[in-house]
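Here's a quick briefing to read with the model open beside you. It goes through strands, charges and rings in turn.

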Amino acid sequence: MIALVVALALADLQPAARQTQSVVIDATVSDARGRAVETLKPQDFEIRENGALVTLDEARFVRNSPRAIALYLDEYHVPAGADTDRVRELLTDFIDHDLAPTDRVVVMKPLDSLLKIDITTDHAAARAIVASFQGREGDYEPRNDYEREFIAGAPPRVEAARAQVVWSALNALAVHLGSAGAERKLMFVVTESLVRPGRHRGLILPSVDAVIRTADRANVSVYYVDPSVDPPTTDADDSLQRVASETNGRAIRGDIATGLRRAFADANGYYLLTYRASNPPDGKFHPVQVTVKRSGSQVRARTGYFAPSPDDALRAAVLEKLNAPKVDVPPEPPPHASTLIQPWFGWSRAADGKTRVTFVWEPATRVPGDRNKKIPTKLTFTALTLDGTVLFEGAVAPTGAGAIDEPGVVPSRAVFDATPGRVKLRMTIQDAAAQVLDRDVREIVVRDLKGDVAIGTAQIMRARTARELRTLDEEAAVPVVSRDFSRTEQLLVRIPIYAASAGAPMMSARLKSRMGQTMRDLRLAPTNDGFEACAVPLAGLAIGEYVIEVTASNGPTEARDRINFRVTP
């Protein structure tokens, strides 16, 4: 199923070209006293992408929106002792006094499973995880089987593995926060000495750039929290500082409580700046500079965004198809050919390469001694394409000798045009009291009558009286289904014959015995509606089976058709 969805999504993708996308940049604006400025309009902002000025569509100020918060407690890079105690105290106070009841939070540590990230409003559970925090910097004693098997060896090797664990977790947290919807998304990374992850040949693992890319796409602001009692003025490795600055976050050091409150103030009032950008789907980073024209105002904003890559476009197309609401398609009824009726289908040419289908029916011949008294007198006929388009729907009366379609009366045939191929048929069979006796469900394959020469389906009209005989050549006359005829009857056989060229094809019709012996030639004459017709009197024929063989040729191309019938007493 997944492979089919991917194939369908690939079929929908267009070759890489410049595409217009909606870009949303979040920005915080404050005055000289650090208070949020809430009254700016789109014309108060100036945005440049790749150095070029862009037109801002909207500048919407968001106040006190719900927040989704991730706390990552990097036990691997915080020492035990005073720094650990400080983390527990500050974050417990943060959870108790700064989080709103509607804020959703997830607290994660290095040994937690990435498959069990759960963001929730259960602040008591978050507080319990913070209380269990234990700094382990420099402590390489394995705590579980995972550390024994995968994070072992000399300290440099252990440190490299630990760094990769943390960066992978940060990337996973950013992905998970991205699914939080329209909430303001904040990630606080509590660590002191995290370095950039190393490269591993043959492995595709998250890098610093990957975390920035994921956070930008998920609109997550990353805050780097250094709980050192005496933090250094500069970082030996500026990886987390870079992540924070490029995702509209901050580095929080020294007075951590004030830094956390300032981060929440950023989340309580910020602008969403929206504009349209035209870029190729190359997955590259596009730098954006945001400035404010109002004097005395300071602005902090994301430094840019990543254009969708071909993989992103494929992923989005696959997810769109997978998440699309399922169409409630009623189940197809099982095939069933009713024994109460005898149907007949005929083909003739229609316009635009289609085939004209004619349907007639008669009640099935009753077997002597059969006690089944179900006698069909009405039929509702529906023809549909495979995608459900209705080609014909309506009541059809049974045909018979001398049947004629008259205005205002239920017709004795259904006629519709269809593209050659399979067509679904549904028939509801009723008696004279309009009670449903049976349902007929089947498919037919509509013939294609293209070619240098083609013969459609012969229509047979029967006349039992002189009056019926006079109406046989009228276009309103309806063909019969039965192929058993009395010697007292006369037949009129109408045959659609077509040629690709303008000239008429060479045609002939012969009456033959069952053994294939020619008994006589039949004269074909054109009718008003483009058919070829021949009369077949039955009075001089013995009881038995016969064949009318029709031949049409157009140069070297020839077509034949055989019409079988039986003469009864």
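Two strands count as paired if DSSP finds at least two bridges between them. Helices (H or I, at least four residues) and strands (E, at least two) are DSSP runs, numbered from the N terminus. This is a predicted model, where local features need pLDDT of at least 70 and side-chain atom pairs count only at pLDDT 80 or more, while totals for chains, interfaces and linings use all residues. Residues are numbered from 1 along each chain as its sequence is written, and side-chain values use heavy atoms, with hydrogens and water left out.

- Strand 16 (residues 378-384) has 5 of its 7 residues buried, so the rest of the structure largely encloses it; buried means under 20% relative accessible area, exposed over 50%, and partly exposed in between (1.4 Å probe, protein chains only).
- Strands 16 and 17 make a hairpin with 5 residues between them, and Gly 388 in the turn has a positive phi of about 95°.
- Strand 19 (residues 421-430) is also antiparallel to strand 16, joined to it by 7 bridges, and there Phe 381 stands opposite Met 427.

- An open sheet of 5 strands runs in the order 23-31-30-26-27, and its pairing is mixed.
- Its edge strands are strand 23 (484-486) and strand 27 (518-522), each pairing on one side only.
- Neighbouring strands of this sheet are turned by 30° against each other on average, direction ignored; axes here are lines fitted to C-alpha atoms, for helices over the stretch in contact, and angles run from 0 to 180 degrees between N-to-C directions.
- Strand 26 (residues 506-513) and strand 27 run antiparallel, with 4 bridges joining them; Lys 512 has Thr 518 in strand 27 as its bridge partner.

**Salt bridges**

- The whole structure has 31 salt bridges, each being a side-chain nitrogen of Lys or Arg within 4 Å of a carboxyl oxygen of Asp or Glu.
- Asp 85 and Arg 88 form one of them at 3.4 Å, N to O; they sit 3 residues apart in helix 2 (residues 82-97), separated by about one helical turn.
- Arg 560 bridges to Glu 558, with the closest N and O atoms 3.2 Å apart.
- Salt bridges with shared partners link Lys 512, Glu 549, Glu 558, Arg 560 and Arg 562 into one network.

**Rings**

- There are 13 aromatic pairs: rings of Phe, Tyr and Trp (its six-membered ring) with centres within 6.5 Å, where planes under 30 degrees apart count as stacked, over 60 as edge-to-face and the rest as tilted.
- Phe 188 and Phe 264 have ring centres 6.5 Å apart and planes at 40°, so this pair is tilted.
- Phe 188 belongs to strand 7 (residues 184-190) and Phe 264 to helix 8 (residues 256-268), so the pair ties together parts 76 residues apart in sequence; Phe 188 and Phe 264 are both buried.
- Phe 345, Phe 359, Phe 381, Phe 392 and Phe 416 form one aromatic cluster.
- Arg 184 lies over the face of Tyr 270, 4.0 Å from the ring centre; a charge sits over a ring if NZ of Lys or CZ of Arg is within 6 Å of the ring centre and within 35 degrees of the ring normal.
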